[in-house]
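Dear colleague,

I am passing on the structure below, which you have not worked with before. Please have it open while you read the notes that follow it.

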Amino acid sequence: MEHFDVVIVGSGAGGGTMAHALSGTGARVLILERGETVPQEAENWDPAAVWKQQRYRPKELWLDRRGRSFMPFVHYVVGGNTKFWGSVLYRLRRDDFEAIEHADGVSPAWPIDYDTLAPWYDKAERLYQVHGQQGTDPTDGDRGPFPYAAIPHEPAILELVERMREQGLHPSHLPLGLVSPGLVGGCILCSTCASFPCRIRAKSDADTMCVEPALTSETVTMWTGACVQRLVTDASGRKITGIDVDRNGETVLVTAKTVVVACGAVNSAALLLRSANERHRHGLANSSGLVGRRYMAHMATMMEAFHPMKINSTVFQKTVSINDFYRAGHGRPYPLGHIQSQGRAHGAIVQSVAPFLPRWACDAFTSRGVDWLAMSEDLPRASNRVTLEPDGRIRVSYRPNNIGPHADLVRETRRMLKRIGYWTVITHSFRVQNTTHQCGTLVFGNEEKTSVLDPYCRSHDVDNLFVVDASFFPSSAAVNPGLTIIAQSLRVADHLIRNELN
Ligand SMILES: Cc1cc2nc3c(=O)[nH]c(=O)nc-3n(C[C@H](O)[C@H](O)[C@H](O)COP(=O)(O)OP(=O)(O)OC[C@H]3O[C@@H](n4cnc5c(N)ncnc54)[C@H](O)[C@@H]3O)c2cc1C
Ligand code: SF4
């Protein structure tokens with residue numbers, strides 16, 4: 001049995017950032033990560049290895065609401081899903097923190113406002129080296145300048161941007177976390193970024209920016225291959241007294257003054273449900289009954305605009321954002337969502353979702369296509385939830401909502417691309433399998449009855465339990481979640497340093 005001041009479960013956006021923030025404090029910190037470090041190897045940038053052979057995906061299957069098994073879009077590695085992210089690092093928009101009327105109901109208010117998180121967003125953008133340009137996105141509000149200048153659009157993208165402006169739209173630069181783009185030893189702005197690990201460690205992921213530097217501190221340790229099975233409490237149920245870890249097949253018990261769970265929204269909820277005991281019959285910290293409920297993951301559609309005569313020579317395509325429809329559009333008064341250009345699709349990627357197509361057809365298609373993502377907010381529903389089967393398997397029961405606004409957003413995007421001159425726009429959605437933006441399963445709030453965590457992400461029920469991953473989101477907004485997880489993790493770390501670790 002080993003004792004630490006803080007045990008962090010998971011090394012992704014929330015956990016990795018927390019480890020970094022605590023690394024200079026002298027506190028004895030242990031990171032427990034079920035996965036291993038992704039090796040730097042040729043396959044990192046090989047679309048066939050990543051997409052067809054699923055080289056970096058776990059073999060684990062989850063069940064959907066009908067009991068059908070599916071492969072979730074998750075990665076169990078050091079750095080978590082950030083190793084594979086597109087590194088689009090957005091702040092939520094100021095009014096995302098307030099209650100907003102949507103076509104399908106109300107997106108609830110957060111227990112903190114934008115101004116509370118703003119200083120932590122500033123720190124998060126510096127830590128993850130976010131490149132952007134303030135003032136061109138109509139939803140940017142009163143934010144200050146980005147710490148690093150925006151990544152310039154490549155010529156073909158610049159032309160598209162001009163054509164969008166002619167349509168009265170306000171395209172802006174996507175905020176991107178990249179290490180020294182264009183400089184010696186830095187990011188080379190390649191075509192295999194989103195969904196691929198960076199072979200040269202130039203992506204601002206939690207491993208590169210936080211875990212690796214944190215481990216240079218003598219007081220921070222990481223165990224890989226260490227999957228937490230259960231959290232054990234004392235007889236009162238108010239304190240975690242042990243952490244059961246499966247460490248490469250061996251069961252180990254770890255103790256800590258403070259436990260920070262950051263397994264991702266689905267696995268954190270699953271861990272608390274697995275940790276049910278006499279005092280917590282329906283799952284640890286579940287007096288509200290909300291553990292695992294309110295699962296959200298965004299409505300997302302991949303869109304490829306195609307013109308048979310136009311070869312797309314762009315390499316790094318992921319630089320444009322359109323937020324003109326974020327609050328209204330398509331003649332309707334409710335929010336539609338966000339549009340962003342995507343990394344280049346590759347023939348092997350298309351073939352992995354359409355295996356009946358010959359490879360030459362997939363290559364011909366992607367070489368003439370430009371890739372986009374349309375993303376809308378989905379609303380928290382108690383019935384959309386994570387549960388455990390009797391054999392321990394995870395079930396994600398998810399019925400999409402806010403479908404109408406998302407369909408309108410896809411229509412607006414298609415219309416925009418057709419006006420530019422593309423012949424056709426092909427769409428694809430991974431539906432429930434798209435667990436990339438999972439959030440909301442351990443909501444934070446002021447009231448014990450209506451939330452699992454308090455505004456500093458401490459469990460209302462268990463005094464030494466904190467959760468700093470995407471679980472705490474009361475609403476999903478319609479921009480990428482990563483920077484908000486990082487900012488809140490930094491805020492909670494500061495709270496721990498001031499109140500718990502002395
Ligand atoms: C392909 C892809 C592209 C994406 N692109 C973007 C983007 O451009 N911008 C953006 O903001 N977001 C993006 N996301 C989403 C983003 O990666 C996630 O929102 C973010 O990583 C979630 O952070 P987290 O801390 O909640 O969990 P994660 O980062 O997933 O970390 C969870 C960690 O916990 C570990 N773990 C799980 N269970 C246990 C256990 N029982 N014991 C020990 N360890 C455990 C996992 O192995 C993992 O390392 C993308 C995701 C994917 C998959
Ligand atoms: S080199 Fe740059 S663009 Fe390519 S994977 Fe690495 S961070 Fe992404």
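The second largest pocket holds about 530 Å³ of space, and among the 22 residues that line this pocket, Met299, Pro400, Ser429, Arg431 and Val432 are the closest to its centre. Please keep in mind that this is a predicted model. Two or more lining residues come from each of the elements β4 (69–70), β15 (299–306) and α9 (403–420), and the largest share, four residues, is that of α9.

The last point concerns helix α1 (residues 13–22), which is largely enclosed by the rest of the structure because eight of its ten residues are buried, where buried means under 20% relative accessible area. These buried residues are Ala13, Gly14, Gly15, Gly16, Thr17, Met18, Ala19 and Leu22. Among the elements that cover the buried residues of α1 are the strands β1 (2–9), β2 (29–32) and β14 (250–261), together with the helices α3 (114–127), α5 (206–214) and α10 (482–499).

With best wishes

Conventions:
Residues numbered from 1 in each chain as written. Chains lettered and ligands numbered in written order. Predicted model: local features only at pLDDT ≥ 70, side-chain atom pairs only at ≥ 80, totals over all residues. Heavy atoms only, no water. Buried < 20%, exposed > 50% of the residue type's maximum accessible area, 1.4 Å probe, protein only. Contact = heavy atoms within 4.5 Å. 1 Å grid on protein atoms, 1.4 Å probe; cavity = no way out; pocket = protein on both sides within 12 Å on 5 of 7 lines; lining within 4 Å. Points joined across faces, edges and corners; volume = space filled by probe spheres on them.
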